[in-house]
Amino acid sequence: MLLDEVLCGLTPSEIDDAVALVRRIRDQGSTVVFVEHVMRAVMALTDRVVVFDHGELLAEGLASEVMQRPEVMRAYLGQADVTAAMLEVHDLQVAYGQARALWGVSFELRGNELLCVVGPNGAGKTTLINTLAGMLRASAGRIDFEGRDITALPPHRFCEAGIAIVPEGRRLFASMSVRENLEIGSLLPGAKAQRAPSMDAVLALFPALQPKLGQAAGELSGGQQQMVAIGRALMARPRLLLLDEPSLGLSR
């Protein structure tokens, strides 16, 4: 049986049903060739994976092994350096007094990679983001950024290292203008020297802010304020951007 992207356009629950169906077909004795890009289905179903890139065979083997190969990651993630991690978090622990919020957190983040942290309220997501931004001090563990241990540095050193945060709730200066709020993000010497092109880039990304530059940030809608908060972080020209619930309170 040959299946060509049969999961395309299905909802998550429909994908689960389809995966179960394909598994039953295989278990009944049919050989199945499955062309697919829904990775959770690929990982759940396949005995062997063959990866193509621009018409050429790139890799072949067990799914769990193939998806860890640098050449496969490079084909999926672009031209980023997939051999070296940008951010390495080792056994991170954070506590508020006697209440521990994070314990034993370890992960890696590579250049040009997008990582999403999920979990219910109170799971420690904001604590993790604030610790990675230097706003909270880890009680144990280590944070390495571009090969350098930054765990004990003060917050402004995190920013100097190339890390910027869009905090939960935006935290704009409501009485200051949109332009002033954006310019605050470019106070470091390197970013300040590039303030004009950075401003142009932010306004190209969020054209709705152009006519609002002289208006007080507190007078904007929630969505526009979020644009300012993201733009402010981008004005720092960060290599690592941290966003804490950027869709909170926004319309669809």
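How many disulfides does the structure hold? It holds zero, a disulfide being a pair of cysteine sulfur atoms within 2.5 Å.

## Basis

This is a predicted model: local features need pLDDT of at least 70, side-chain atom pairs count only at pLDDT 80 or more, and totals for chains, interfaces and linings use all residues. Residues are numbered from 1 along each chain as its sequence is written, and side-chain values use heavy atoms, without hydrogens and water.

## Cysteines

Cys-116 is exposed, at 60% relative accessible area. Cys-159 is partly exposed, at 29%. Buried means under 20% relative accessible area, exposed over 50%, and partly exposed in between (1.4 Å probe, protein chains only).

## Helix H1

Helices (H or I, at least four residues) and strands (E, at least two) are DSSP runs, numbered from the N terminus. H1 covers residues 12–27. Its buried residues are Ile-15, Ala-18, Val-19, Val-22 and Ile-25. Seen down the helix axis, they fall within an arc of 125°, so they line one face of H1. The arc is taken from the directions from the axis to the C-beta atoms.

Strand S1 (2–4), strand S2 (33–35) and helix H2 (39–45) are among the elements covering these buried residues. Asp-17 and Asp-27 are exposed on the other side of H1. Just after the helix, Gly-29 takes a positive phi of about 115°.

Strands S3 (residues 49–53) and S4 (residues 56–61) run antiparallel, joined by five bridges. Two strands pair if DSSP finds at least two bridges between them. Phe-52 has Leu-57 of S4 as its bridge partner. Two residues lie between the strands, and His-54 in this hairpin takes a positive phi near 50°.

How values were computed
The expected span of a helix is 1.5 Å times one less than its number of residues. Contact means heavy atoms within 4.5 Å.
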